Amino acid sequence: MSTPPEDWHAHAIAAEQSGNRPKGLRLLEQGLAEHPDHAQLHNSLGSMAMRNGDAEGAEAAFTRALERDPGNLEFVVNRAIALGRLGLHDEALSLLVRHEAVGSRQTRYWSVRAATARSAAQPAEAAAAYDRCLAIEPRHAKGLHGRARTALDRGEADAVARFDAALAVNSSEADLWLGKAQALDVAGQHTAARDIAQQLVAQAPQWLEGLKFLSQLRLGAGEQDFAGHYREAAKRVPSDPGIPSAHAAVLAGLDYAEEAAEVAAEARKRFSSLPYFALLEAVHAGAAGQHERAEEIFANLDLDTSERAIHEARHRIRLGELDRAETLLDTAIAEEAVMHSAYALLGLVWRLKDDPRATWLHGQEGLVRLLPLRNGDNVLPPAIETLHGLHDTSPLPLGQSLRGGTQTRHILFHRHEEEFARLREAIVATLEDYRAGLPALDETHPLLRHRAVPWSLAGSWSVRMHGGGDYHTSHIHPQGMLSSALYLIVPDEAKSADQRGWLEIGRPPPDLGLDLGPLTTIRPQEGYLALFPSTLYHGTTSFGSGLRMTVAFDVIPVGPELHG
């Protein structure tokens, strides 16, 4: 005689609550062996798998539950959440949209749909879904929080008021206070933003987001010691290794490599069991030109990771040990997370060694192009006008390549203004012109292997530089496949042949100390879009007077092969 499915569920939950979740999972699986078509048991297995951190197993269980009860909203929402944990946000959103009819009166449905849309980089859809959630339950805490964050993402004028509304329901949520401070900063209320940021850091000195935001505010105020509060935070929470790690990153991001190395060295003493800080000291010491110090650390470093391989390869390049660098990089390119960083350095090594693979990687016709923006005469003037207003209240960003000037906050193409939606459409159309001129599909090439799959924009921003020294230091965007620069305003100097304010493609970053010039230079032209592989280092030269305004973004591939 079989055990009823409700009993299997009760026994499994009891086992989990007693601290034995593996037993709970086994009991649910045994129950399903007896009752394979019981949808709720499959759903219970999925929920417990989610609590166990197994999003893949959870998604499979929720799928089976839905196959047996296709109209069950609980199963739909649960599967969407699991898909989100797997990074499949578009698929999750599509699933929720298909079941809108059954979920239209449920706050949980709209809250999950809104959060999913936000994760899927569809902020307008997220805003609309949060509004539907709040129309049903005006004091829904997650709905108010998410809607306020979405307002900040989209640059909506009422973002501060939305954070106030969310705080009226949940005043203990630190991220809401941070969001309000960020919204105040955008609105030009810098003193009020600074007050909140300082209170957050005082109350939660280990909270890295709060520490970083205060650094941004202090940098914007022109303070020399813009990261000094990290030292105080480390004293207050000496057991937290995240604080000195973040401190070093903030310093190194604006070329304070020697200071970053000292922060790492001090942390290395306190956290002697963590080899990461030895690596960090070597990285920043090498960038500061202290090669012997870096060499001693690398020679004794017990850490075998792709991150170590990338950074030691940089060190070997500085020392002229190109074969050793290449060996390290050959192992790193197999890991997707660091592949672009490895190829960027390999490109330099191959050029220095006159290896023909340098031409294969970056020298093929069509990889670097300057194209006229589709419909540029119509979409650029209104975008430029709005961008000037944004730049007037935008800061010099932390941790970016910009040295002088301003960069817009958040993701530009997530904003609500219609002029940016039209600009994005023009860019997407121009990307197809670039794709059409690429060399043939090559499954071994970091860019050309994605020639035939759909592409998507990931990240977007605008930079405005003034003459007198503003420039981009040489850098790469390791998370992208394709990098860009769309020229909106070009200073008169850049229109001449002396290469002031030009884009340099392929010049190594300064810390490598290489006597190697750019592969090519691009003279900026208003209304034209420069596109090139993200494995190419790039930067700009400074110019004497005038304005230089660009919009930039990364391109990534999308397709089923990315989830395999």
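This is a predicted model: local features need pLDDT of at least 70, side-chain atom pairs count only at pLDDT 80 or more; totals for chains, interfaces and linings use all residues.
Trainee: Are H16 and H17 roughly parallel or roughly antiparallel to each other?

Mentor: Look at the crossing angle of their axes, which is roughly 170°. Angles over 145 degrees count as roughly antiparallel. H16 and H17 are therefore roughly antiparallel.

Trainee: H16 also packs against H15, so to speak; which residues of H16 make that contact?

Mentor: Helix H15 covers residues 229-236 and H16 covers residues 242-252, and their axes come within 9 Å and cross at roughly 170°. That angle makes H15 roughly antiparallel to H16. H15 contributes Tyr230, Arg231, Ala233 and Ala234, while H16 contributes Ile243, Ala246, His247 and Val250.

Trainee: How many nonpolar residues does the contact of H15 with H16 have?

Mentor: Divide the contact of H15 with H16 by class: one residue is polar and one is charged. The nonpolar residues number six.

Trainee: Let's move to H2 and H3. At roughly what angle do their axes cross?

Mentor: H2 spans residues 21-34 and H3 spans residues 39-51, with axes that come within 10 Å. The two helices are roughly antiparallel to each other, and for that label the angle must be over 145 degrees. The crossing angle is roughly 160°.

Trainee: Is the crossing of H2 and H3 left-handed or right-handed?

Mentor: The contact is made on the H2 side by Arg21, Gly24, Leu25, Leu28, Glu29, Gly31 and Leu32, and on the H3 side by Leu41, His42, Ser44, Leu45, Met48, Ala49 and Arg51. By class these residues are seven nonpolar, four polar and three charged. As H2 passes H3, the crossing is left-handed.

Trainee: How many bridges join E4 to E11?

Mentor: For E3 and E4, which run antiparallel, there are two bridges, and Thr406 has Arg464 in E4 as its bridge partner. Turning to E4 and E11, also antiparallel, Trp461 has Ala552 as its bridge partner, and Ser460 stands opposite Phe553. The number of bridges joining E4 to E11 is eleven.

Trainee: Is His414 buried or exposed?

Mentor: His414 is in the loop between E3 and H25. Leaving out residues up to four places away in sequence, His414 touches Ala121, Pro123, Asp153 and Arg154. The relative accessible area of His414 is 16%, and the cut-off is under 20%, so His414 is buried.

Trainee: How far apart in space are His414 and Ser460, C-alpha to C-alpha?

Mentor: In sequence, His414 and Ser460 are 46 residues apart. In space, their C-alpha to C-alpha distance is 8.6 Å.

Trainee: Which residues is Ala197 in contact with, leaving aside its neighbours within four places in sequence?

Mentor: Ala197 is in helix H13, residues 190-203, and counts as buried at 1% relative accessibility. Ala197 and Leu211 are 14 residues apart in sequence and 8.0 Å apart in space, C-alpha to C-alpha. The contacts of Ala197 beyond those neighbours are Phe213, Leu214 and Leu217.

Trainee: And which residues is Gln182 in contact with, again leaving aside neighbours within four places in sequence?

Mentor: Gln182 lies in helix H12, residues 174-186. At 15% relative accessibility, Gln182 counts as buried. The contacts of Gln182 are Arg149, Leu152 and Phe213.

Key. Residues are numbered from 1 along each chain as its sequence is written. Side-chain values use heavy atoms; hydrogens and water are left out. Axes are lines fitted to C-alpha atoms, for helices over the stretch in contact, and angles run from 0 to 180 degrees between N-to-C directions. Helices (H or I, at least four residues) and strands (E, at least two) are DSSP runs, numbered from the N terminus. Angles under 35 degrees count as roughly parallel, over 145 as roughly antiparallel, 65 to 115 as roughly perpendicular and the rest as oblique. A crossing is left-handed if the near helix is turned anticlockwise from the far one by less than a right angle, and right-handed if clockwise. Contact means heavy atoms within 4.5 Å. Ala, Val, Leu, Ile, Met, Phe, Trp, Tyr, Cys and Pro count as nonpolar, Asp, Glu, Lys and Arg as charged, and the others, Gly among them, as polar. Two strands pair if DSSP finds at least two bridges between them. Buried means under 20% relative accessible area, exposed over 50%, partly exposed in between (1.4 Å probe, protein chains only).
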